[in-house]
Amino acid sequence: MPDFPMSPDDELSLAEIVNRVLDKGAVVSGDVVISVAGVDLVYVGLRLLVSSVESIRGRLEGGTP
Amino acid sequence: MILHLYCILPAGAGPPAGLAGIAGAPVETVQGSALATWVTRHGEAPAASPEALRAHHAVVAAAMTPAVTPVPLRFGQRAAGEDAVRRSVGADADRWSALLARFSGCGEYGVRVAPLPDQGSARDVRTPAAATGREYMETLARRHSSVARWKAQAERIAADTLARAGELVRDSRLDPPAGPGASFSLAHLVAWTSADAYHSVIERMGTELRGLRLTPTGPWPPYSFVT
């Protein structure tokens, strides 16, 4: 069994951490925004996609091109 | 003020005294009716720097105890305030509670598998220049075949590991190789009480698999098993 409380092994490669922290783990709200060099990049934008679909559908129903 | 989210735990679970997260911000708990979420406060959303990623993981790792294994959250999730956190987390409360129950007393162990440097057949990553279109297509076909063979081997190794580990592994995932001869990773959900026996299995496999290097990693919070 490991020692608790667990502290990150200093020898862990950043690649192992990045692979888990950026590409795995749970998503709570559907929007995961990664800020890189001061620019917000939408990493996963499920809610944005749904909003876009609803917006387009609303315009179609209203006859707006 | 923006809240950066780290992990979800059972209600009442608070961070160790003095635990700091990204940029040294103190880790706080947003308590819900059944769940707690660890967060830190920031003037602007933390950038995905190596330091921030390490700090995020360090907080999630600090949440692990013999009895409680958190639901790790992916980096980059933010909320405008505590009410927004409660709404977001509460919307899927049943899912998080089920994961917490499943993860209790367990951790994720990884195995990175890589071909040894002198294994030429699996490392043909450079394709020679083709003089004709036919040669180009034949080269692509050979490369595709090489990738497919390596991926098939990765799947066989993953299955073999599970067969050897048996009930020591509660769940497993394979991160397939990205190309011919590229390393790949296995992730296993293992009870803490089975960790020593599990490591013996992996160590034995490492001595028996010719031409491959097995590198155990972990334990990790169960990032790979949230879906």
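Let's start in a sheet: B:His4 has B:Thr40 of E3(B) as its bridge partner. E1(B) and E3(B) pair antiparallel, over eight bridges. By pairing I mean that DSSP finds at least two bridges between two strands. The strand and helix labels are DSSP runs, numbered from the N terminus: strands (E) have at least two residues, helices (H or I) at least four.

Some ground rules. This is a predicted model, where local features need pLDDT of at least 70, side-chain atom pairs count only at pLDDT 80 or more, and totals for chains, interfaces and linings use all residues. Residues are numbered from 1 along each chain as its sequence is written, chains are lettered from A and ligands numbered from 1 in the order in which they are written, and side-chain values use heavy atoms, with hydrogens and water left out.

Now confidence. pLDDT is the predictor's confidence in each residue, from 0 to 100. Chain B averages 90, and 94% of its residues score at least 70. Where in chain B is confidence lowest, and where highest? It is lowest in helix H4 (residues 133-165), with a mean of 86, and highest in strand E4 (residues 71-72), at 98. One stretch needs care: residues 120-124 of chain B have a pLDDT below 50. Beyond near neighbours in sequence, that stretch has 11 contacts in the model. A contact means heavy atoms within 4.5 Å. Where pLDDT is low, the predicted coordinates should not be read in detail. For the complex, the predictor gives an ipTM of 0.80 and a pTM of 0.81.

Back to E3(B). Seven of its eight residues are buried, so the strand is largely enclosed by the rest of the structure. The cut-offs: buried is under 20% relative accessible area, exposed is over 50%, and partly exposed is in between, with a 1.4 Å probe and protein chains only. E3(B) also takes strand E2 (residues 28-31) of chain B as an antiparallel partner, through four bridges. B:Glu28 stands opposite B:Val39 there.

Next, the cores. A nonpolar core is a set of buried Ala, Val, Leu, Ile, Met, Phe, Trp, Tyr and Cys residues joined through side-chain atoms within 4.5 Å. The largest one has 24 residues. Among those with the most contacts inside it are B:Leu5, B:Val85 and B:Trp96. Strands E1 (2-10), E3 (35-42) and E8 (184-191) and helices H2 (82-91) and H3 (93-103) of chain B each supply at least two residues of this core. H3(B) gives the largest share, four residues. Apart from this core lies another, of 22 residues, including B:Met64, B:Ala154, B:Val190 and B:Leu209. As for B:Val85, leaving aside neighbours within four places in sequence, its contacts are B:Leu3, B:Leu5, B:Val30, B:Thr37, B:Ala79 and B:Gly90.

On to the open sheet. What is the strand order? Four strands of chain B run E7-E8-E6-E9, with antiparallel pairing. E7 and strand E9 (212-220) of chain B stand at the edges with a single partner strand each, so one side of each has no neighbour in the sheet. Inside it, strand E6 (residues 106-115) of chain B pairs antiparallel with E8(B) over eight bridges. B:Tyr109 has B:His188 in E8(B) as its bridge partner.

B:Ser172 is partly exposed, at a relative accessible area of 22%. Not counting residues up to four places away in sequence, B:Ser172 touches B:Leu162, B:Ala187, B:His188 and B:Phe225.

For contrast, take two loop residues. B:Glu167 sits in the loop between H4 and E7 of chain B. Its relative accessible area is 80%, so B:Glu167 is exposed. B:Gln77 is in the loop between E4 and strand E5 (78-79) of chain B. Is B:Gln77 buried or exposed? Buried, at 1% relative accessibility.

Last, B:Gln77 and chain A. The side chain of B:Gln77 reaches the backbone oxygen of A:Ala26 at 2.8 Å. The B:Gln77 side chain also reaches the backbone nitrogen of A:Val28, at 2.5 Å. I'll stop there.

Definitions and conventions. A polar contact is a pair of N or O atoms within 3.5 Å; within protein, one must be able to donate a hydrogen and the other to accept it, and residues adjacent in sequence count only if both atoms are side-chain atoms.
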